[in-house]
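This report covers selected features of one structure. Please look through the sequence and the model first.

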Amino acid sequence: MKKAFNHKDLSAEIFGGCSGITWDTKDHQHLWDRNYDLHRVRTSHVIFMPRQQTYYLSGNSVEHSLVVDSLVKAKYASLGMRTMVFQSTPIMYEAINECGGNGRPIFYANCATYPEIARPNTQAIHPGFVVTHVLSQCKNNDEIVELFQHKITVTKQTVTGLVLYLHWVFTDKTGETIVIEPDQTDHVTIHRNTTGILTNAPGYQRQQNNLNKRFANLTRFPIVNVPGEFSSRARFIRVSLLKKYALRGNNEAEGVTYLFRLLQNLAMLLGMVPVSQGYEYSIYTAVICSESLKYYWHSYRNLQTYCINLHDLIRETKIKLWPLNNEQPKYVDLTNQGETL
């Protein structure tokens with residue numbers, strides 16, 4: 001019998017580490033890749049969200065706190081890994097929309113600051129709903145910046161009594177990556193034309209300054225004194241150096257394969273990062289292509305790579321779900337298929 005999900009566990013399934021990187025192939029395909037690091041994930045699926053789907057910007061159905069006036073409709077269809085425990089609004093871990101824009105939240109402990117109320121002439125939005133809303137309403141980074149500057153305020157709202165402390169990263173078809181951080185008391189800091197790399201705290205600029213200070217004169221491998229631990233600072237440095245020197249691939253297929261391999265260098269292994277309820281580990285890795293609109297992923301326990309093409313779903317009018325598939329696979333036994341010489 002399937003165990004019922006306890007809504008009080010949800011916040012623990014959203015807080016956690018993560019590492020993200022953008023990538024471009026020789027034929028100019030724009031890819032984005034991330035490890036989702038946490039100690040468990042029981043409510044998540046790959047979810048397609050159609051055009052005109054309604055959702056709320058503030059409050060949630062679990063806590064009976066929905067703000068009726070915050071109901072909006074999606075302009076654009078989107079696809080990604082999300083939890084639907086709040087039936088009112090999906091919380092996206094990462095996703096892509098039909099315009100090729102993609103985004104994801106990343107845990108930003110001890111750094112994020114949210115105001116209690118929205119700025120004048122803007123709508124309040126729950127931190128966990130930011131990616132859902134941005135990809136449902138914006139076709140490129142310019143529109144995203146306009147949204148944050150003039151139309152929304154990320155306010156201090158809870159998930160089962162806890163606040164989600166996040167920063168966000170978005171990429172569009174131009175290849176530009178922007179990082180948005182709520183580190184001011186009444187608004188956000190927007191970093192444009194970034195390196196396309198983001199982990200957790202501290203903020204993007206401090207991470208980049210630390211990287212430049214320590215490795216400014218680096219020319220080529222072998223690299224010495226590269227941190228190998230799983231801290232946010234260490235992962236930021238490691239993925240930055242890997243992005244600088246690793247081969248990108250000639251096309252989307254090669255680029256996706258190489259990106260999955262690259263993120264293994266940042267993956268948290270079971271048993272290495274203890275937390276109060278077990279071990280934090282890289283539950284899954286996802287790759288998104290802005291041109292093909294394909295979403296790829298595999299999980300810690302199942303390295304079979306799965307793919308869903310948003311192009312083929314755009315005309316659908318209902319939400320669709322696919323399982324994460326984080327179960328042990330049946331390995332293919334080739335013993336009796338060997339060729340006799």
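## A helix pair

Helix α4 passes helix α5 in a right-handed crossing (right-handed if the near helix is turned clockwise from the far one by less than a right angle, left-handed if anticlockwise). Helices here are DSSP runs of H or I with at least four residues, strands are runs of E with at least two, and both are numbered from the N terminus. Helix α4 covers residues 204–215 and α5 residues 232–245; their packing angle is about 60 degrees and their axes are 10 Å apart. Axes are lines fitted to C-alpha atoms, for helices over the stretch in contact, with angles from 0 to 180 degrees between N-to-C directions.

Contact means heavy atoms within 4.5 Å. On the α4 side the contact includes Y204, L211 and F215, and on the α5 side F236, I237 and L241 are among the residues involved.

## Source of the model

The model is predicted, with local features needing pLDDT of at least 70 and side-chain atom pairs counting only at pLDDT 80 or more, while totals for chains, interfaces and linings use all residues. Residues are numbered from 1 along each chain as its sequence is written, and side-chain values use heavy atoms, leaving out hydrogens and water.

## The sheet

An open antiparallel sheet holds 8 strands in the order β15-β14-β13-β8-β7-β6-β3-β21. Strands pair if DSSP finds at least two bridges between them. Because β15 (189–191) and β21 (320–323) each have a single partner strand, one side of each lacks a neighbour in the sheet.

Strands β6 (residues 78–83) and β7 (residues 91–97) pair over 6 bridges in the antiparallel sense. S78 is opposite N97 of β7.
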